[in-house]
Amino acid sequence: METAPDSALSILRAIKLEKYKLKQNRALYALLMSQALDKNEIKVESDSLIKIATAYYDENEPVRAAYAYLYLARYEKNQGNTRNQAMALLKAQDFALKCNDPKLQGLVYTDKADMYQSQGNNDSCIVYNKLGLKAFQKASDLRNSVLTLIGIGCGERLNNSYDSATYYYSLAEKMAIPLHENLLTSSIYRNLSVVAYKQKNFKQALDYLRLVPITHDTLYDYNKWYLIGRMFVKSGQLDSARIYLNKVKSPGVMIVDYYKLWQELYEKQGRLAESLYYAKKVAILKDSIQNQALNTSFAGMEKKYRFERLSVENKSLIIENKQNGIILLVALLLLSILCIVLLFWRIKSNKRKLIVQNQMLEQERSLKEKEKENNFLLQQQMKMQHLLLKNVEQYRSRAIKRSSASEVEKTVGVRNSQLDTFYEELMSHIDLTHRNISSRLEAAYPNLTKRDILICCLLLANFDTGMIATILDVQSESINIHRGRLRKKLNLQNQDNLLQFLRSF
């Protein structure tokens with residue numbers, strides 16, 4: 001599988017899955033076939049094969065479980081299903097961290113780095129690539145170490161840290177020498193060329209491109225021709241640029257930049273019709289890519305939500321697995337507490353007596369404070385009653401002067417006015433000691449009448465029902481009925497105390 005994956009794939013294809021009846025054999029076959037397809041860069045159209053492995057392997061075989069979810073994540077990536085890819089990678093990471101396999105951990109880290117890069121999160125891409133590099137170096141995996149260095153360089157370049165990018169690309173160049181792989185060499189020099197181009201060092205960029213070997217892999221070779229064509233366009237060598245751009249038969253993922261380069265070339269040649277043609281193609285492709293980017297961004301938000309949910313579920317599972325140990329610890333703790341209670345029972349008995357004594361002293365202090373408060377309220381009530389009696393006497397003295405019934409009828413308006421003045425003076429005195437209770441009640445309960453507010457003030461001043469009836473010149477039963485209506489207007493329940501409510505209002 002490691003040295004000749006194409007041969008491994010041929011052998012596995014000669015074996016039919018239906019031959020195996022045991023679940024463990026079917027799971028191993030599915031895992032090996034998925035691995036062989038991945039190493040031969042063959043995209044599969046269905047996840048049914050790898051899911052045989054993910055359904056079978058669990059914590060008992062963490063290495064195979066991690067590989068199974070890793071290949072499931074790569075399948076989901078090829079299908080463009082970001083959410084499922086993220087969930088599979090998280091499960092692969094959980095299993096990989098449970099086993100001593102640094103190469104496996106490095107593969108998971110670098111796949112996560114690629115996912116972050118595709119989401120535009122270059123900082124996280126660099127972090128996970130560096131974790132992958134440490135793991136591959138620990139596993140003495142030179143080839144994957146070189147690939148990871150290239151990945152770190154790409155992250156730094158996308159962050160516009162060109163010096164750091166050049167450092168990692170150069171380090172990858174030195175490490176790749178003993179491997180003698182044209183694909184690695186091509187990737188390194190093409191990336192170094194891009195950094196030089198970004199720094200507007202076009203001569204050095206072209207020198208790096210001349211070092212890129214021919215790989216006979218269209219993806220790598222077409223990218224080289226495109227980059228060389230771009231250098232010639234920038235330097236004004238338009239005929240040479242056309243030669244190299246025409247070598248690109250299928251631009252693939254670089255199609256937008258490829259068309260923009262043709263647009264620029266024709267514009268410099270003064271061929272505006274051709275330039276406009278490619279400008280329209282660029283606009284159409286950009287709209288399509290922008291819509292795709294919006295979908296990807298939404299998928300990234302959903303991915304983050306799924307990640308957090310999965311994290312919570314994992315914590316719940318950990319708590320559940322430790323439940324038995326916690327129960328045992330609680331039982332031991334309760335036994336210890338029982339022993340302590342039996343040993344110090346006498347001491348606690350004395351403490352309880354002391355507490356009772358303190359409570360009695362506290363109650364005595366509370367009674368004294370309550371008595372002081374009652375005395376204060378009584379003084380206030382006496383002042384109010386004195387004021388009331390004085391006002392009542394004045395009112396009566398004025399009333400005696402009225403000589404006849406006809407004169408009384410003529411002065412009804414005057415009498416009502418005097419009553420209103422009397423009530424207002426009474427409420428103003430109560431407001432002085434109770435923070436403008438009348439105006440606050442009127443603002444909070446607009447449905448209260450002036451008589452309602454007056455009764456509230458008299459109750460708050462500790463006047464009993466008989467005294468209130470005398471003041472208002474009504475029967476005591478009327479005051480009781482009025483109090484019941486007042487409770488409804490104040491939205492009080494049966495268990496609520498009207499006087500207590502007024503005092504705390």
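Does N160 count as buried or exposed?

The structure is a predicted model, in which local features need pLDDT of at least 70, side-chain atom pairs count only at pLDDT 80 or more, and totals for chains, interfaces and linings use all residues. Residues are numbered from 1 along each chain as its sequence is written, and side-chain values use heavy atoms, with hydrogens and water left out.

The protein chain contains 24 helices and 0 strands; these are DSSP runs, H or I of at least four residues for helices and E of at least two for strands, numbered from the N terminus. Of its 505 residues, 37% are buried, meaning under 20% relative accessible area, whereas exposed means over 50% and partly exposed lies in between (1.4 Å probe, protein chains only).

Now to the opening question. N160 is found in the loop between α8 (142–158) and α9 (162–176). N160 counts as exposed because its relative accessibility is 53%. Although N160 is not a glycine, its phi is positive, about 65°.

H216 also deserves attention. This residue lies in the loop between α11 (202–210) and α12 (218–235). At 74% relative accessibility, H216 counts as exposed.

Finally, I turn to a pair of helices. The axes of α21 (residues 450–460) and α23 (residues 476–489) come within 11 Å and cross at roughly 100°; axes are lines fitted to C-alpha atoms, for helices over the stretch in contact, with angles running from 0 to 180 degrees between N-to-C directions. The contact (heavy atoms within 4.5 Å) includes R451 and I455 of α21 and H482 and L486 of α23.
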